[in-house]
Amino acid sequence: MTTTATRPDAGRARAAIAARTLRTDRWWIPPLVTFVGLSAWVIYATVRVFMHKWYYVDQYHYLTPFYSPCLTDRCVEGSAEFGTPLPSFWLIPEAALTLPFLLLFRLTCYYYRKAYYRAFWLSPPACAVPDGHKKYTGETRFPLIFQNVHRYAFYAAAIISVINTWDAVVAFQSGEKFGFGLGNIVLVINVVMLWAYTVSCHSCRHIVAGRLKHFSKHPVRYRFWVFVSKLNAKHMQLAWITLGTLALTDFYVMAVSAGWFSDLRFIN
Amino acid sequence: MTTRIERHHYDVVVIGAGGAGLRAAIEARLAGKKTAIISKSLFGKAHTVMAEGGAAAAMGNVNSRDNWMVHFGDTMRGGKFLNNFRMAELHAKEAPERIWELETYGALFDRTKDGKISQRNFGGHEYPRLAHVGDRTGLELIRTLQQKIVSLQQEDFAETGSYDSRIRVFAETTITELLLEGDRIAGAFGYYRETGEFILLEAPAVVLATGGVGRSYKVTSNSWEYTGDGHALALRAGATLINMEFLQFHPTGMVWPPSVKGILVTESVRGDGGVLRNSDGKRFMFDYVPDVFRHQYADTEEEADRWYTDPDNNRRPPELLPRDEVARAINSEVKAGRGTKSGGVFLDVSTRMPAETITRRLPSMYHQFKELADVDITKEPMEVGPTCHYVMGGVEVDPDSGAAFGHVEGLFAAGEVSGGMHGSNRLGGNSLSDLLVFGKRAGEHAAAYTDALPKRPKVATADVEAAVDTALAPLSRENGENPYTLQQDLQAVMGDLVGIIRREAELTDALKRLQELKVRVANVGAAGGRQYNPGWHLALDLRNMLVVSECTAKAALEREESRGGHTREDFPKMSPEWRKVNLVCSLDEAGDVHLERKPLPKMRDELLGLFKRSELSKYLTDEELAEFDAITTEAN
Amino acid sequence: MKRHFRIWRGDSSGGEIRDFQVEVNEGEVVLDAIHRLQATEAPDLACRWNCKAGKCGSCSMEINGKPRLSCMTRMSTFEENETVTITPLRTFPVIRDLVTDVSFNYEKARETPAFAPPKGVAPGDYRMKQVDVERSQEFRKCIECFLCQNTCHVVRDHEENKKAFSGPRFFIRAAELDMHPLDDRTDRKEYAQASQGLGYCNITKCCTEVCPEHIKITDNAIIPMKERVVDRRYDPLVWLGRKIFRRDQLDDSNGHGSHGHGSHGNSTGGSGQSMAPSTSEGVTGVAAGLGKSGAPLPTAPALNPDGRLDVAELLAERPGGPSPFGDDQQFPLPNVTYNHPEPGKD
Ligand SMILES: Cc1cc2nc3c(=O)[nH]c(=O)nc-3n(C[C@H](O)[C@H](O)[C@H](O)COP(=O)(O)OP(=O)(O)OC[C@H]3O[C@@H](n4cnc5c(N)ncnc54)[C@H](O)[C@@H]3O)c2cc1C
Ligand code: SF4
Ligand code: SF4
Ligand code: FES
Ligand code: FES
């Protein structure tokens, strides 16, 4: 097919071009934005998780997603829906059983992988811009081969989303009565977005029907797949939106809990 | 000076890696022959990738009334009965099988509801008949064949440890000369474009599948490859060309922006509901339905529109007339001052289909207009005009085997480079199926020919030396003429004087100018060495373009009638007498084109019986009709 | 109007970027400028092209550092006075000027096992539903421009990976065949992982960014292939299903899947046993004149190649069963056609 074998060896050198990249657009902006955005979020989240306070508004049953489910002895009255099996040591976050999975879910998410490989690891920083590293083996070996556990993380995240949904539902009370305020809207939006993000996951798309060879034999699963595929096309947007809603929800709960401002109530 | 020449031995050499060439090579390899495939461009980039609409095959998947006899009839009608009937017959009969075979190679055509291959309407085809994949059918076809070749190479690899042991692709290699021993093919000579190194392939059988000649025209849908190499190689080897006066001008090429003028707008746009309008907004095609087609085409817009949903009870819209008719109609509208600013007419789908349907059914057209002309075809009409598209003429071949006529043995031709199958005008979609049907046949018979050969012909050293000298000549003429200028001049002559509408005076003038160009081409020069030098490559192609253009001009001057892809302003009528004649070109000793008239083979009675007398009466002479009457009365 | 171009000229022994002033008219693309240059100043300027309409994938080059088809890059996308820099594809050895040696891709193509026709189905008897072929059709749009191969940093920046890595173009080929409703092989995913180097891809999506056919290479081919690999190797539910239903004791009857594609390290070049090619047997036989067999349509067995039943099939009422809604169901289902996501919206 090729003529390599008989071609008088023309030398297999690449074109000698001095410039590392000839891109003239500002290609470094997207990775920079990603870098700043992700870093800021991680810092905020870390600070919040180890703050151990202002995570629950007892009056309205608002629990921030960063502390859900609250499982340590330190959990304030009413915030622990599932018991408190964990000791209170400052290094143990209140949601110590779920946070690692959520972290894993996002770390192994196909979109975040793209984002941090580009923005943090510079491999590559942008298309047609050289890789920042001499050697490259991709995800073929330890530790990156473990990116493949994303499937497990997805199953876990789906369960955690149920817990978050529960949090949002129980928050519809004020004391013992039904109640509804701005905080509920914030919680609900957050949960809806979390679901959208989780369902739009590539693993989910694969599980619902992507793995099938014959869609036509599984019409219901095909319908799901079409739906998930539509969401999946927005996976990147959802990934950022949920970062936003998570931080916002947490901040709102923190603010109300700390008494910086009071919740806007519509009913009770 | 000593020149390195790489030598190879093969059983069958296939020149051309388009649909026809690949299909021939597959067949030759399956027959156990050691096969080489030569291509001027990379593997899988041949012209066939550009085919859009589909491949015609009477599978009857969409309308079960379709069968090979209807397809045969359509082909003959489209070609104005000048077709070689036997080729049209074989084509109609074998096309479905060839398409189905592609599926076993991995092709994925669009499907009907019940899972069969979907078929679409196209100009000149009575029923929906074109197997297609969106509007990239050619890509599917060539990729499938390419992958089949790869799979055969893998088989060979498993067996022999070398992928190239039985079938090898020489990509970016141009053949400049066929070498003979006496009247027998002995080999092919050419050069690697990459390095400029020469290559000699010794083989007793050569299959030509080099495609067409459109690069001799300014406005064309064809790529740089279409310089008529195969036609010229055949002529020089002693074969003959027929029907060279018939060139198909596709009615809908892009006209704006200037740089893409000529690039094709697929006929599926019309098959799927697109309509042609002039600058007054009138659907003008209704005024241009010729008498021979009256009873098949609608005369009101209402009927035409109903046809898309109910084809059984309505007649088809005149936009779907054969290409020659539509091209002429557009030409007249523009001449009459009812064209657009850039000299075209409007082709509109935006008002006829929802945007979503358009992007689904015509994705690459949407893409093409969006990116090249910045026109959104779901919102605005396209501007289109005729463009040189296909050459009906080509190597005169034996219909069953694809063996070239004239005084040469071991030469076969298939695909666009062969002539006769399409008569005076090709129906859209008939080419892709033609490639498969006759590609297979050519490969098969080339293999059989090598088996029957008592002794392998030998290449004469003197011939190789001569070929080397011819090839190197432009490089040594440091001050020779610029090949690009020459090409532009040739394109101007052909486009202006041997275009869609032809006149005697202009044709005579064209012949004179071609002679002048011949002298200049003999003095063409190319600077810059042998390694991937496009100037040099063009300089070598020019002489092929020139000889083929001469055939076209000569034959066009000779044929004093208008038929299909040949329109003479001074002889606007179709003449039954001329229908009986093929014009055959050959090269004489001095290298000049020699023209001859040859009677057309007579159609077999049972095939003739497929047509109505009323229809035949428009094409045949009175004597032929009398014969026809005798046959039919006898049969009754 | 004259525009300023900088074009790399040279060959494998070296070269440099040269300056040219070229006349450019309204509506022209970069390739037009190159052609004008050839017709005037530089008749021997080497460049590939064929169709001039984005259909053949010959004219790939790097324009202002971005891999693109020059016939589809309109001059109007640049500023009036912007300099346009044109260089050959960087990832492949250069031959001359803008022409590179892309044989790497053809070699990889040759190593990818071809379509395996289903046994016992005669040509003409192939039945496939449109919904089932659509995914593969997306990948068959590929025009082999090799822009994705050129952009992929795995080989662009790391020449040494070329041996082990086939590149996005061939991942979509593997995916295409794996999703082909009638393909008879079931080891495409193992092949992609073990012999094509799927694991090298870190899904940074540059291939998708440059694909002129807007094929969602990463989302629709690479990630699904990675997921399919995970299915076989890491999915807990599939594993559980096997354990519970004791399916791992079924005989490993269906040969294909079991050619020891053990680790990532081995057989990277792609030769070896996994290369057992498809046969043309049955194809040419029937084509050669045996009539249509009238054989029943292949009902895809829901068994995995290792003879095990997939846990997902538990949802169907019988293995490989038809739709629970009856066989007369029409597909595609009305109003659930999947439209591929629009280009450019990530
Ligand atoms: C834009 C466009 C759209 C079309 N749409 C349709 C359609 O919808 N339906 C349809 O049926 N037909 C269509 N056609 C026509 C059809 O595509 C062609 O007629 C057909 O592809 C020709 O195929 P081929 O195998 O004869 O040659 P090609 O595919 O053109 O291949 C020619 C081969 O010969 C090689 N070659 C040429 N000269 C030499 C040489 N000297 N040495 C070595 N190699 C050489 C070339 O490199 C190339 O590989 C279309 C054509 C065009 C241009
Ligand atoms: S997504 Fe993977 S294959 Fe595509 S360019 Fe990036 S690393 Fe290469
Ligand atoms: S996948 Fe896209 S970018 Fe890659 S070769 Fe095919 S068309 Fe080109
Ligand atoms: S969550 Fe992003 S891919 Fe699974
Ligand atoms: S020339 Fe064919 S893609 Fe550009």
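I began with A:Pro69, which sits in the loop between strand E2 (62-63) and helix H2 (99-108) of chain A. Helices (H or I, at least four residues) and strands (E, at least two) are DSSP runs numbered from the N terminus. The peptide bond from A:Ser68 to A:Pro69 is cis, with omega near -10 degrees.

Notes on the source: this is a predicted model, in which local features need pLDDT of at least 70 and side-chain atom pairs count only at pLDDT 80 or more, while totals for chains, interfaces and linings use all residues. Residues are numbered from 1 along each chain as its sequence is written, chains are lettered from A and ligands numbered from 1 in the order in which they are written, and side-chain values use heavy atoms, with hydrogens and water left out.

**Backbone, chain B**

I found a cis peptide bond between B:Trp256 and B:Pro257, with omega about -5 degrees. B:Pro257 belongs to the loop between E13 and helix H6 (268-271) of chain B.

I then looked up positive phi values. B:Phe81, not a glycine, has a phi of about 60 degrees. I located B:Phe81 in the loop between helix H2 (68-78) and H3 of chain B. B:Phe81 counts as buried because its relative accessibility is 1%; buried means under 20% relative accessible area, exposed over 50%, and partly exposed in between (1.4 Å probe, protein chains only).

B:Asn243 also has a positive phi, near 55 degrees, and is a residue other than glycine. The loop between strand E12 (241-242) and E13 of chain B holds B:Asn243. At 0% relative accessibility, B:Asn243 counts as buried.

**Sheet, chain B**

I traced an open sheet of 4 strands in chain B, ordered E13-E16-E15-E14 with antiparallel pairing. Two strands pair if DSSP finds at least two bridges between them. Strand E13 (247-254) and strand E14 (275-277) are the edges, each pairing on one side only. From one strand to the next the twist averages 45 degrees, with axes fitted as lines to C-alpha atoms (for helices over the stretch in contact) and angles running from 0 to 180 degrees between N-to-C directions.

Strand E15 (residues 345-348) and strand E16 (residues 382-391) are antiparallel and joined by 3 bridges. I noted B:Leu347 opposite B:Met382 of E16(B).

**Strand E5, chain C**

I checked both faces of strand E5 (residues 84-87) of chain C and found them covered: C:Val84 and C:Ile86 on one side, and C:Thr85 and C:Thr87 on the other, are all buried. Strand E1 (residues 2-11) runs parallel to E5(C), with 3 bridges between them. C:Phe5 has C:Val84 as its bridge partner. Strand E3 (residues 60-63) runs antiparallel to E5(C) and is joined to it by 2 bridges; there C:Glu62 partners C:Thr87.

**Cores**

I looked up the largest nonpolar core, which has 233 residues; B:Leu178, B:Leu208, B:Val395, B:Leu411 and C:Phe5 touch the most other members. A nonpolar core is a set of buried Ala, Val, Leu, Ile, Met, Phe, Trp, Tyr and Cys residues joined through side-chain atoms within 4.5 Å. Helix H3 (residues 85-105) of chain B gives the most to this core, 10 residues. A second, separate core of 27 residues includes A:Tyr197, A:Cys201, A:Tyr222 and A:Trp225.
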